[in-house]
Amino acid sequence: MTTDLTVRPARLDDAAGIARVHIQAWRESYAHLLPAASLAGLEQGPREERWRKIIAAAASDVWVACRGTDIVGWASAGTGRDEDPPRPRELNGIYVLASEYGSGAGQLLLDAAVGRGGAYLWIAEENPRAFAFYRRNGFVPDGATAAHDLAGTPVPILRMVR
């Protein structure tokens, strides 16, 4: 980990950088799960507007990992959205650019978003890298499964808790 990697709360003017990372990280992480045309069709504008609304609403905490001034990852967490959440805090999402794998950015984002206490998350069943990361951080599957629509494709997901 180098010293120019920082994590801080997201600001409204981070929406463009978060959207850029969101799209690129999906393309890097989900190429085996989603059709290439769906990934190629992801658009900056709508995703950026969605992030502006999320940050402005402040219903969830959003954090960014920065390499210098460039956003290289993000995480969001808040009150559990499930009807009967297994923990009060849910990690809604965390993505880091592949170029930052192993840099510590993911760990810093996870620590900022949910700390070391109890939390839960939903993860694509076929995401071994993320699964290993969460296992290292004390998360275990609790048996709950579902399907989630990602870019128009239903993807099997499972819930992990700590």
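The largest pocket is lined by 49 residues. Nearest its centre lie Tyr30, Gly93, Ile94, Tyr95 and Tyr134. The model is a predicted one. The volume of this largest pocket is about 1300 Å³. Rolling a probe the size of a water molecule over the atoms shows where empty space is left.

The lining draws on both helices and strands. Among the helices, α1 (15-29), α3 (44-57), α4 (105-114) and α5 (128-136) each supply at least two lining residues. The strands β3 (70-79), β4 (89-96), β5 (120-124) and β6 (140-150) also each supply at least two. By class, 24 residues of the lining are nonpolar. A further 16 are polar, and nine are charged.

Backbone geometry was examined next. Most residues other than glycine have a negative phi. Ala58 has a positive phi of about 55°, although it is not a glycine. Ala58 is found in the loop between α3 and β2 (60-67). Its relative accessibility is 57%, so Ala58 counts as exposed, the cut-off being over 50%.

Ala151 likewise has a positive phi, near 50°, and is a residue other than glycine. The loop between β6 and β7 (153-161) holds Ala151. With a relative accessible area of 28%, Ala151 is partly exposed.

Key:
Residues are numbered from 1 along each chain as its sequence is written. This is a predicted model: local features need pLDDT of at least 70, side-chain atom pairs count only at pLDDT 80 or more; totals for chains, interfaces and linings use all residues. Side-chain values use heavy atoms; hydrogens and water are left out. On a 1 Å grid over the protein atoms alone, a cavity is a set of points where a 1.4 Å probe fits but cannot get out, and a pocket is an open set with protein on both sides within 12 Å along at least five of seven lines; lining residues have an atom within 4 Å of a point. Grid points are joined across faces, edges and corners, and a volume is the space filled by probe spheres set on the points. Helices (H or I, at least four residues) and strands (E, at least two) are DSSP runs, numbered from the N terminus. Ala, Val, Leu, Ile, Met, Phe, Trp, Tyr, Cys and Pro count as nonpolar, Asp, Glu, Lys and Arg as charged, and the others, Gly among them, as polar. Buried means under 20% relative accessible area, exposed over 50%, partly exposed in between (1.4 Å probe, protein chains only).
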